[in-house]
Amino acid sequence: MSWHWREWATDPEQLRRLRLLASVPLFAGLNRRLLGRLLIKLFEKRYPAGETIFREGDPGKAVFIVLEGKISIIRAVDGAEKPLAVLGPGTYFGELALIDDQPRFAAARADEDTTLLILYKSHFDDLIEGQKALAVHVMENLLKTLAGYVRSEQARNALRAAKGTVTLAEPTAAERTRR
Amino acid sequence: MSAEPAAAPVPTPTRWFPPPPAIVWAIAIAIVAALAYIASDVVVLVIFSAALAYVISPLVRRLEALAIRHNLAVTTVYVSLFVVFAVTAALVVPRLRAEIVTLSSGTFKQQVDQSLDKLHREIIEEYPPLQQVLGDPETRNERLSTVFQQQTANLPNLLSHAVEIVIVIVLIPVFSYFLLRDSRRLLQLLMDRLPADEIETSVAVWCEIERIAGRYLRGLALEAIAIATIASTGLWLLGVNYPLFLGAFSGMANVIPYVGPFLSGTVVAMIAMIQFQSFAPLVKVMLLYLGIKFCDLTIIQTMTVGRSVHLHPILLVASLLIGGHAFGLIGMVVAVPIVTALQEVTRLLLDHRRRKAGIRMPRRAPSTPIQTYVC
């Protein structure tokens, strides 16, 4: 029976997380070394079903990555909660906190028992200070995401103008997938 | 038919109201502060262990980034550091010990006497009126001998503390090992207990404390090593005796802001004057230490401690004085990062509160409707 030192020395949970991070669109293009650097900066937090992660208007300071469970992004419209998106493992939300610390546009709530990985802006800033490659990749991915938002918003505005209505449009399937 | 006796009024149970959270927090903080004051020795030990764990933590994280198991990473780093420390000690300690033995031997005292005599004569030749102030060389030597005897008499007391020092030297790495090994578990426990509403601010506060304290302590250690190396090399080039010991002393003294560099420079200048029996090397040593300080301020500090400390000079000096008064030398070392961390945390909490308060205020509707779900 041979002794596999690599399996003995490595943490399977960390490996699983590394694979999950590699599949997150925000971190696309990062190599294993940079993903490892990123991984050790993440906090883990478990939320029971129904718990609010952040509320609309809260100051945004972190980006959240869904490790396990399901998250609803909701926004209050005329006093009623309107679900904007449902996110599962491998997706992320709150990414604009990496750019500025403006108030959250929508709220996030755990639909079931959920585990999130949290990347705080200060940690991210610390990380990109010494890792230019990481900064370039993440910023490029963020820009792509923002460009997607702008395009979809333009498309929705054009549709609204054509219909002559001013109602809150549902996010498209493509947008949900992107998130 | 007899009338039934009136039922005795049932006393309504007095309802217990819990005290307001502010009072509970105040009491808890007061108890912790009192315990810390009573067990200040243990607090100092824990502070040192935590500081060591902070200094070492980046190495552990480097290994963890490679998906190596946490416990294995911590153990590997500690064993490696122990080996490095043992090898360095085996190489440096005999030389350092020889320097200390020479410094504390009788020949050094004779050398001091001779040097002081010569300096004494130089001063009196240049400025004869100072003879009345300085007195005769014989009386000065008597005074010096008395001081030496007094200090030698204190040596047994000093040695009695040696056991405590050794215990602390052994305990600090052991404590720091367990702190680092269990840090993830402790952090996870804390994260799971935190209310979800406050998680972002709590994480922000934790990050800020970790960033400031970690960067400051790691920077301080690197700065001390850099200063010690430059000072040792400079003193060796100037031909001053005991360059290794004096360099190490300069590096360690540099940890204390303002006071440390002045203290080490003065000690080295005195030793150089005694060695060369002249005032001439004073200028060279002063220039060397000014050069080191210049390098420290312009290059070393910006690369090490750098942007982690943004304290107003008055606050910095006040924190040094209070830290020194409460916990001595260690208090002076840890006062600056603690006060800086407190300052940043307060700023962060006030910012959080201000933003929350601002959000409750009625806001003007944006001119163009924003209808994305970006959050």
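This is a predicted model: local features need pLDDT of at least 70, side-chain atom pairs count only at pLDDT 80 or more; totals for chains, interfaces and linings use all residues.
Local features were considered at pLDDT of at least 70 and side-chain atom pairs only at pLDDT 80 or more, whereas totals for chains, interfaces and linings use all residues. Residues are numbered from 1 along each chain as its sequence is written, with chains lettered from A and ligands numbered from 1 in the order in which they are written.

Helices (H or I, at least four residues) and strands (E, at least two) are DSSP runs, numbered from the N terminus. In chain A, four strands form an open sheet in the order β2-β7-β4-β5, with antiparallel pairing; two strands count as paired if DSSP finds at least two bridges between them. From one strand to the next, the twist averages 35°.

Strand β7 (residues 107-110) of chain A is joined to β4 (residues 71-77) of chain A by four bridges, and the two run antiparallel. Within this pairing, Arg109(A) in β7(A) is the bridge partner of Ser72(A), and Ile73(A) stands opposite Ala108(A). Two bridges link β7(A) to β2(A), also in antiparallel fashion. Phe54(A) stands opposite Ala108(A) in β7(A). Both faces of β7(A) are covered, with Ala107(A) and Arg109(A) buried on one side and Ala108(A) and Ala110(A) buried on the other. A residue is taken as buried if 20 or more other C-beta atoms, placed from the backbone, lie within 10 Å of its own C-beta atom.

Axes are lines fitted to C-alpha atoms, for helices over the stretch in contact, and angles run from 0 to 180 degrees between N-to-C directions. Gln14(A), Arg17(A), Leu18(A), Leu21(A) and Ala22(A) in α2(A) meet Arg32(A), Leu35(A), Gly36(A), Leu38(A) and Leu39(A) in α3(A). Residues are in contact if their C-beta atoms, placed from the backbone, lie within 7 Å.

The loop between α2 and α3 of chain A contains Leu26(A). Leu26(A) is buried, with 20 other C-beta atoms within 10 Å. Leaving aside neighbours within four places in sequence, Leu26(A) is in contact with Tyr92(A), Glu95(A), Val138(A), Asn141(A) and Leu142(A). The C-alpha atoms of Leu26(A) and Lys144(A) are separated by 9.2 Å, although these residues lie 118 residues apart along the chain.

Among contacts in chain B between residues at least 6 apart in sequence, 66% join residues at least 24 apart.

A nonpolar core is a set of buried Ala, Val, Leu, Ile, Met, Phe, Trp, Tyr and Cys residues joined through C-beta atoms within 7 Å. The largest such core has 46 residues, and Leu246(B) and Val268(B) have the most contacts inside it. Helix α8(B) gives the most to this core, with 10 residues. Apart from neighbours within four places in sequence, Val268(B) is in contact with Leu235(B), Val240(B), Leu246(B), Ser250(B) and Val285(B). A second, separate core of 45 residues includes Val24(A), Leu26(A), Leu39(A) and Ile118(A).

Key:
Two residues are in contact if their C-beta atoms, placed from the backbone, lie within 7 Å. A residue is buried if 20 or more other C-beta atoms lie within 10 Å of its own, exposed if 12 or fewer, and partly exposed in between; C-beta atoms are placed from the backbone.
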